Amino acid sequence: MSAHLSTSIATDTPTTAPAPATAPTPTTAPALVYDPVAGLHTREVSHRPAGPGEVEIDIRAAGVCHSDLHILTGDWPSDRPLVMGHEAAGVVTSTGDGVGAVQAGDHVVLSWFAPCRRCRKCLAGMAWLCTGTQAVANTLPDGTTPITDARGEEVWPFLGLGAFTSRVVVPESAVVKVPDELPFGIGALLGCSISTGIGAVLNTAGVRAGESAVVVGAGGVGLSVVMGLRLVGADPIIAVDLSPERLAAAERFGATHTLDAATTDVAAWCQEELGGVDYAFEAIGSPKVIETLPSMLTSGGAAVLVGMAADGATGAFNLFDLADQGKRILGCNYGSSVGAIDIPKLARLYLAGRLPLDELIGKVRPLHEAAAAFEDLKSAVGARTILEP
């Protein structure tokens, strides 16, 4: 599916007329929208004011993630127009009734998997498995959208956020306060890729110091996995990719070895050089790659599925080997993270100099260059791209 992006964006004309005494008409702003018919394009949208339990945020930075790309390519079908973007940071401009966690002026990171905080999984401390969230249905918790376009037609927020614009209205559980000194670009990535990658190591797998690991895919999430492995003292750390640029980045982030998947049989290398690794992380979402993970493992090892595959994708494994050698396959959703706990923790680690997250940002582009950012993502060029409204 080809994506196209209109580069002509309407802007509001300043006026000196006094504001009306009645409630103001919501202002419009350009947003990056994917429509099943029209494809990727800019569209003027407006958001209603924040209602009870909701927060209005001025977006300062948003990351471009493979999850957004899954929508554009049709891997994750959508039957409605979506404002794209789900990892972002900004400043609170107003709050609805009942909101107590943040107030106007707070710097915040958006956490796309807004938990309901009431279901059995949430109460058990596993908010990443929340059964009550509506984020994955691309709506607010009540099943509605706060967004309309210039014709008054509803447009829906991707993963409940729709962050590729200048302003959003989201549920309180999707908002995490962070220190003001945290750069907005770094904060944006904490909302998805960094939490997912580092969380895969700390939370999903529970890697311990001295254990070995291979990471297949050295994009934004894969590099975050490498950072997490170095943080816990894993050794050796093997990064695998097709891009020399990304492999060089993996070395800077802590990889002790790098392998070009085009010229190296990764499973054979892991067995011959190490007798298999303790953990094999897949950060691409490729069924063909995922099927090779168990053959990289030592007995008792675990394959960790960090990359999100297309909806309905399947894989085949040697079931006897899994049982006989006690190997495990671990699903990893959002790094098994609880945003309200893990995002501030990662922010503190960055500010303390423990995580070199600045190097994870490859390019900073204005919002109207989003189509080029997606082309970079599809071509595996560079690290993470940040869009600024």
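Analyst: A term to start with: two strands pair if DSSP finds at least two bridges between them. Helices (H or I, at least four residues) and strands (E, at least two) are DSSP runs, numbered from the N terminus. This is a predicted model: local features need pLDDT of at least 70, side-chain atom pairs count only at pLDDT 80 or more, and totals for chains, interfaces and linings use all residues. Residues are numbered from 1 along each chain as its sequence is written, and side-chain values use heavy atoms, with hydrogens and water left out.

User: In what order do the five strands close into a barrel?
Analyst: The order is β1-β2-β7-β8-β4, with mixed pairing. In it, β4 (residues 82–83) and β8 (residues 154–157) pair in the parallel sense over two bridges.

User: And which residue in β8 stands opposite Leu-82?
Analyst: Trp-156.

User: Switching to the core. How many residues does the largest nonpolar core have?
Analyst: It has 96 residues. A nonpolar core is a set of buried Ala, Val, Leu, Ile, Met, Phe, Trp, Tyr and Cys residues joined through side-chain atoms within 4.5 Å. Buried means under 20% relative accessible area, exposed over 50%, partly exposed in between (1.4 Å probe, protein chains only). Ile-57, Leu-229 and Phe-281 have the most contacts inside this core. Helix α5 (residues 220–232) gives the largest share, six residues.

User: What does Ile-57 contact, leaving aside its neighbours within four places in sequence?
Analyst: Its partners include Gly-90, Val-108, Leu-110 and Val-175. Contact means heavy atoms within 4.5 Å.

User: Is Leu-140 buried or exposed?
Analyst: Leu-140 counts as buried, because its relative accessibility is 0%. It lies in the loop between α2 (120–123) and β7 (147–149). Leaving aside neighbours within four places in sequence, its contacts include Arg-48, Glu-54 and Pro-171.

User: Now helices. At what angle do α1 and α11 pack?
Analyst: About 100°, with the axes of α1 (residues 66–73) and α11 (residues 370–378) 11 Å apart. Axes are lines fitted to C-alpha atoms, for helices over the stretch in contact, and angles run from 0 to 180 degrees between N-to-C directions. The two helices are therefore roughly perpendicular; that label covers 65 to 115 degrees, while under 35 is roughly parallel, over 145 roughly antiparallel and the rest oblique.

User: Which residues meet there?
Analyst: His-66, Asp-68, Leu-69 and Leu-72 in α1 meet Phe-374, Leu-377 and Lys-378 in α11.
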